[in-house]
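Let's take a friendly walk through this structure, one stop at a time. Have the sequence and the 3D view ready as you read.

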Amino acid sequence: MKTHQSSNALPTSIFDNPDLAVEHIATMTAKLFGSYAAMQSVHDVEVGTAPKDVVYEDGKLKLYHFRPQPGVRQSVQTPVLVVYALVNRPYMLDLQPDRSMIRNFLAQGLDVYMIDWGYSTKADRFTTLDDYVSGYIGGCVRHIQRTTGFDKISLVGICQGGTLSTIYSTLYPEDVNALIPIATPIDFSTNEGLLFHWAKSLDVDAIVDAFGVVPDTFLNAGFLMVKPFARLEKYAAALDLHDESEKLHNFLRMEQWIFDSPAQAGECLRQFVKDLYQENRLVKGTLQLGKRTATLKNLTMPLLNVYASNDHIVPPSATVPLNEYAASDDKTLLEISGGHIGIFVGAKAQRELAPKIAEWLKHRDGAAKARQQARLRTPAKSSSDHNHQTPSPSAAAPKTPKTPKTPKTTPSNSQTLPHAPVSGRSSSTSKRARARV
Amino acid sequence: MAHNTNSADFYEEWRANQIEFLHSWLNTEPAAATSRQEPLSVFTPSGYSNARDVTGGSSHMQHMQNATPMNQLLILYNVWKTMGQSWMSPLSTPFGAFSAEPPQHTPKIAQDTFNNLFSVSRTYISLLDFWLPLYKTLKVQPNNRELLQSLISSERYRAVLEQAFEFLSPAVLEQFITHTKNFVVALGGATPQAAERLAMLLTASTEAVKAALASAPDHAPALYSSLMVNFAQQLGESTAQSQKPQLVEAARQLLQKVSDYASAFVQYQQLLYNTGQHTLAKLLHDMLESPTALQELESYEAFFKQWVAANEQAYQTLFRTDEFIAAQNTLSVSTVQLYAVFQRLMELFLEDYPVVVRSQMDALYKAVGELKRDLREYEREHTAAAILPTGRAASNKKSARAKTPKNA
């Protein structure tokens, strides 16, 4: 039996090895001061710098249209609408010039639009999943249809944005030329990802009833707990970046994105957690949005399902099954090595992802292009267009622009493409629509 | 401070300065070390040259060797604390040293990131403080499992885990006490009889709870919880004689929810503490079993990495257990319920004033949302009806509708 005496005889202080203690404390102190000095030299952390215009707005939502890159020939005519998740900001796709899925798309000659959801406020407490899908996405789709003449566009959905895009495609398949969900949760029955496991028993009613609009800090606490010690490792490594300005700025851009999380509209979050995470209704074909039911059997358009091999947020078991459930005859599954974030910003993903998507889209561009040209040859007859107070979702809206335009065929045409006069509120926003971002 | 200092030079200069200063400090006379509290500028680049003058002497090491472990520990913590009171303090408060700078000079994310770096550096040093004696013990008495266990179970290691998870439980609970007391005092305006008595009770108990938080953080939440329940009961008894019973009832609920929250928080934390301690015990066991383990442990950086990896794995396992998920859910629900009761109280306070309260705004938002939805549906139907009779548009529409799901 050891006694306290024997225990006390042992050294128990940092000063038993002063040289070592001095070394470590001094090193850490110096690193902190180095970081302090380095942070002082940071004047700006720029994100989302690819040139773009706001071409449509609806409440807090902004629809960006990216300008083509000089000298790049448009290789795919059908417009591509990128739908990002609600839980983070979309500039992850354009984090910095050399890590930008958007710029990579443009370099491949795609005509790219992207939704920026903005930041939810207390007024969004009762904004529903259907409002996001039929209302907001529908409004953007309608705007692109009107201004480009295409009756079908391609949807690229990112993470939760992929789920929203998939739901939209099930409700309004006539609007969608091709669907490309990336790192998108579809089969929520899996428990592989920790968030999936936790969400199964989350009392989302209590949370939404209390908060109304669920604050970002509350959600971020959950996200950060997924890998609590990885945080230590990350920042310990970051202490060495103080004399590497470029790497430090890269790190800060990522930090900016991680902590820039909008609050979540309560009713939408409630349905997303209950109907999807807890009851897996999209796969079961029982997901109700307003008067409509989303069923994956309606996914008849070409499907390119992209997933990350080491995704710990949305594991492959949640993404891959989409190809089993979709009714399309044209389904492709694409694995990109990396994690949930790496698939968008990793070096390998930068080289692989956009070219593969562009190549896939090229082979599915013909029909949409032909339809557009046929429509442009047809005189516009719609008398209902001017009646629109707000862009209406679904195929009900007229497909023919009021003023027929030459389809975009060259970069210069695209660059100077006039935004078609849009009626009602769209018309009023058209002035803002050209505001350079 | 020069903003455009070359970071690499700055770093090397500071590192050298720190090493020299600490060596100098460790070789001071005890008396000189005591007087060291004044010129804290030795930690600044310009003040560095004064370090030897301030610290002087060369027998501090001998003093350290003669001191008791507790004294040594206290001295160490005083060093760290003193540093915290000098240059680290303005650094840890969001760039306090930047107060003279234009607000937009440093992006918020740079400030926040520095705070995170600072937080992690504290964890790093806390673990170092724990690791050095641990390492020594393993070398001198590797088979003294009792001693090792006592180290693992020590408050010092608990402090490391608290920093790793950024727990501030005593501070959080202390805030609750303060806010609850303020609330009850404020309640006096509406229910003077009940509030007066409760405010007195809370005020009298605050110091006791604060002392408990400082000396025995494990037991403080339970103490606080029982106090809150006691107050809540007394408040409930006062409800009948109150001028505004619903307000007192809401106050009683608030106290109850605070109690629920405190209990849930303690339970949640305890799971994390237990896992952290078991993980360290297993890590040490594995090291002792391996012939090269002790050599590997000599590098603190290597130990830090192993410690992070082992904990990451252990917590991933914990996070999937029913026990943890239940504790986490209890904590999240108690948090939001506390928030909800607080909101309800605010409304009760405000309802006599000519202001619009949250629930009224919510009703408005709900109505607006429903109107927008109806309008969307109306437009969809109206547009469909308008297009149908027209040539190609009608044809397209028909074709499109044919592909629309039946239930759409």
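Does A:Cys159 count as buried or exposed? At 14% relative accessibility, A:Cys159 counts as buried; here buried means under 20% relative accessible area, exposed means over 50%, and partly exposed lies in between, using a 1.4 Å probe and protein chains only.

Before we go on, a word about what you are looking at. This is a predicted model, in which local features need pLDDT of at least 70 and side-chain atom pairs count only at pLDDT 80 or more, while totals for chains, interfaces and linings use all residues. Residues are numbered from 1 along each chain as its sequence is written, chains are lettered from A and ligands numbered from 1 in the order in which they are written, and side-chain values use heavy atoms, leaving out hydrogens and water.

Back to A:Cys159. You will find A:Cys159 in the loop between strand E7 (153-158) and helix H5 (160-171) of chain A; helices (H or I, at least four residues) and strands (E, at least two) are DSSP runs, numbered from the N terminus. A:Cys159 is not a glycine, yet its phi is positive, about 50°.

A:Asn280 also has a positive phi, near 50°, and is a residue other than glycine. Look for A:Asn280 in the loop between helix H11 (266-278) and helix H12 (281-284) of chain A. A:Asn280 is buried, with a relative accessible area of 9%.

Now step back to H11(A), where ten of the 13 residues are buried. Among them are A:Leu269, A:Phe272 and A:Tyr277. Their cover includes helix H4 (129-148), H5 and strand E9 (287-289) of chain A.

Next, turn to chain B. Helix H8 (residues 145-152) and helix H13 (residues 245-289) of chain B pack at an angle of about 145°, with their axes 10 Å apart; the axes are lines fitted to C-alpha atoms, for helices over the stretch in contact, and angles run from 0 to 180 degrees between N-to-C directions. From H8(B), B:Arg145, B:Leu148 and B:Ile152 meet residues of H13(B), including B:Leu280 and B:Leu284, where contact means heavy atoms within 4.5 Å.

How far can you trust chain B? Its mean pLDDT is 64, and 47% of its residues reach 70 or more; pLDDT is the predictor's confidence in each residue, from 0 to 100. Over residues 25-104 of chain B the pLDDT is below 50. Where pLDDT is low, the predicted coordinates should not be read in detail.
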